[in-house]
Amino acid sequence: MITALRRIIFIGMIAVIWEVTSRLSGLPEFMFPSLTHVLETLFNGLISGQITEAIAKSIGRILLGFTIAIIIGLILGYFIWRYKLVEDTLGFVVTALQSIPSIVWFPLAIIWFGLNDFSILFIVTIGATWTMTVNATSGFKNVPQLYQRVAKTYGSSGFHFLRTVILPASVPQIISGLRIAWAFSWRALMAGELLGGGGGLGQLLEMGRSLGQMDLVISVMIIIAVIGTIVDNVVFSRLERNVQVKWGIQR
């Protein structure tokens, strides 16, 4: 409760400073819009459906791309952990690919798929896959050997061993990977929509820039920040807390 109150007060202070500064700065409205103007644009965009439609498109793309990235990342992470040959070859390549910003793949995506949803979906998936792979591999490797020896002593092997020992013990690391991978894929999505069009929040940002409507740009930035905060605090933080309680790390 205290934390929420502090955050509300802090956001209120920022809002007051923003409003006063915009009115006293003497800058044109299109360069430094007041908070009142931004909130009015945001409200009108939500009512007219312009912003809500963009939100729906962006959420649909990132959910699909993020799901694909999770599946690929877990599979690659398993093989890298399981086989030394794969670790020495594919693992090395994945580490190198992780350092490449996902937006760098966009020119290739345009050539391969064209300037459409597939190219945006591709860089969203790429943005999360390598991070998910690295974290999944690390989670599998950090499963205590004691757990593995005890399970094998009781006859656990194959898929049963993976399902009952490896995956549950690596869940904390995997959740951390999910959190980071989501952030990377979300940024990749915005960059892809900015450059590739096809609707979405990124396209609204580009439209606001081209029309000189900074109130629209800032409105979309607020929506992006709100969605990111909700996903992080409602989904990942709660998931992480539940795992910590289950494993006795936190009451």
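I began with the boundary between domain 1 and domain 2, where I found 3 residue pairs in polar contact, both residues at pLDDT 80 or more. A polar contact is a pair of N or O atoms within 3.5 Å; within protein, one must be able to donate a hydrogen and the other to accept it, and residues adjacent in sequence count only if both atoms are side-chain atoms.

I note that the model is predicted, that local features need pLDDT of at least 70 and side-chain atom pairs pLDDT 80 or more, and that totals for chains, interfaces and linings use all residues. Residues are numbered from 1 along each chain as its sequence is written, and side-chain values use heavy atoms, without hydrogens and water.

I then looked up the extents: domain 1 is 1–30 and domain 2 is 33–247, with bounds from an automatic or database domain assignment. Their C-alpha centres lie 31 Å apart. To the contact (heavy atoms within 4.5 Å), domain 1 gives 8 residues and domain 2 gives 10.

I recorded a buried area of about 780 Å² between the two domains, 52% of it from carbon and sulfur atoms; this is the accessible area (1.4 Å probe) that two parts lose on being put together, summed over both. Within domain 1, Trp-18, Glu-29 and Phe-30 lose the most area to domain 2, together 64% of what that side buries.

Thr-131 counts as buried because its relative accessibility is 4%, and buried means under 20% relative accessible area (1.4 Å probe, protein chains only). Beyond its neighbours within four places in sequence, Thr-131 is in contact with Gln-98, Gly-177, Ile-180, Ala-181 and Phe-184.

How values were computed
Buried < 20%, exposed > 50% of the residue type's maximum accessible area, 1.4 Å probe, protein only.
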